[in-house]
Amino acid sequence: MTPGRDGAAGAGSDGTGAAGDVDGYRDGTAAARPTVGPVAAPGLHVMTFNLRRRLPAVRAGSPDRWSRRAPLVSRLLEAERPAVLAVQEVMPDQSVELAAMLGPRYASIGSGRERDRGGERVELHVDTERLKVLSSRTWWLSDRPETPGSRGPGAVFARVVVQAELSDLATGARFTVVAVHIDPFSARAKLDAARRIRAVVARLDGPVVVLGDFNADDDSPSHAELTRDGLLVDARAVADRLVDPGWGSWSHYGPPRPGGRRLDWVLVSPDAQVSAAGVGAPRFAGAAASDHDPVHAVLRWPAAR
């Protein structure tokens with residue numbers, strides 16, 4: 001659970017590379033030095049990333065412009081190549097671009113959050129050379145989870161959850177992945193969402209990983225609810241090595257900052273072995289791909305019984 005000598009994990013057998021050289025992240029060389037990169041079996045690289053929705057009107061020169069960020073997202077994904085990628089705040093046109101960036105090797109599962117399944121999306125992208133999608137489900141954080149566009153108490157917008165059961169072609173392990181994006185405005189909605197996700201996870205058979213932007217800190221009631229009684233554990237808290245020196249995941253296009261807000265988490269079943277976890281903060285010539293930085297974990301699931 002401790003970082004390496006330079007404040008980050010050094011290169012290891014799980015495929016993780018050194019990520020603590022912040023100057024390297026700022027001068028544009030990070031494209032050649034992924035935070036984790038492709039990981040060989042039995043390790044499994046999972047990543048969650050709030051892409052930041054494309055806005056219809058952004059001032060010239062803003063770091064928020066999608067036309068400026070899209071090439072950076074492509075470079076990030078090409079370097080990391082996670083086996084499982086959860087993304088949030090994806091607009092339909094960005095979804096098309098994202099699928100093209102990843103290529104046909106990845107299966108895409110997702111939905112827009114609105115009644116017609118349009119609008120802002122949550123998506124899972126699965127490397128089909130490593131994993132087989134056994135089943136998938138999309139549901140809404142509300143009393144009517146099967147009704148598109150339905151909202152839970154206190155939520156300003158509908159919130160969609162994408163869930164998939166996967167089989168590891170290399171190890172035979174089976175597990176479920178849940179991708180989420182929680183309401184940022186209402187404390188009531190955040191805790192209600194955590195309770196609903198917990199109830200679903202508790203009913204699942206086998207290991208689980210929950211990835212997403214929870215819009216809450218890791219000392220929040222939401223985090224406490226999801227990790228209560230050891231149902232799930234924070235991958236960062238149990239990792240053998242950390243790949244960052246304590247960075248938050250929400251940088252708002254600034255440099256990575258130790259002690260910053262950690263709004264994006266990877267939560268796993270307690271039987272998962274976590275060899276590495278943490279925030280990656282690549283900067284390409286000083287520019288960030290999103291206002292959130294990606295969060296990674298390298299996992300090993302129990303073998304199929």
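## Salt bridges in a predicted model

At 5% relative accessibility, Asp127 counts as buried, a term that stands for under 20% relative accessible area, with exposed meaning over 50% and partly exposed in between (1.4 Å probe, protein chains only). Residues are numbered from 1 along each chain as its sequence is written, and side-chain values use heavy atoms, with hydrogens and water left out.

Mean pLDDT is 89 for the protein, and 89% of its residues reach 70 or more. Buried residues account for 57% of the 305 residues.

The count of salt bridges (a side-chain nitrogen of Lys or Arg within 4 Å of a carboxyl oxygen of Asp or Glu) comes to 23, and three of these pairs are set out below.

| Pair | Closest N to O |
|---|---|
| Asp93 and Arg54 | 2.7 Å |
| Arg105 and Asp127 | 2.8 Å |

Arg105, the partner of Asp127, is partly exposed, with a relative accessible area of 35%. In the pair of Asp93 and Arg54, Asp93 is partly exposed at 31% and Arg54 is partly exposed at 27%. Arg283 and Asp293, by contrast, are both buried. Beyond these pairs, a network of salt bridges links Arg53, Arg113, Glu114 and Glu120.

Technical notes
This is a predicted model: local features need pLDDT of at least 70, side-chain atom pairs count only at pLDDT 80 or more; totals for chains, interfaces and linings use all residues. pLDDT is the predictor's confidence in each residue, from 0 to 100.
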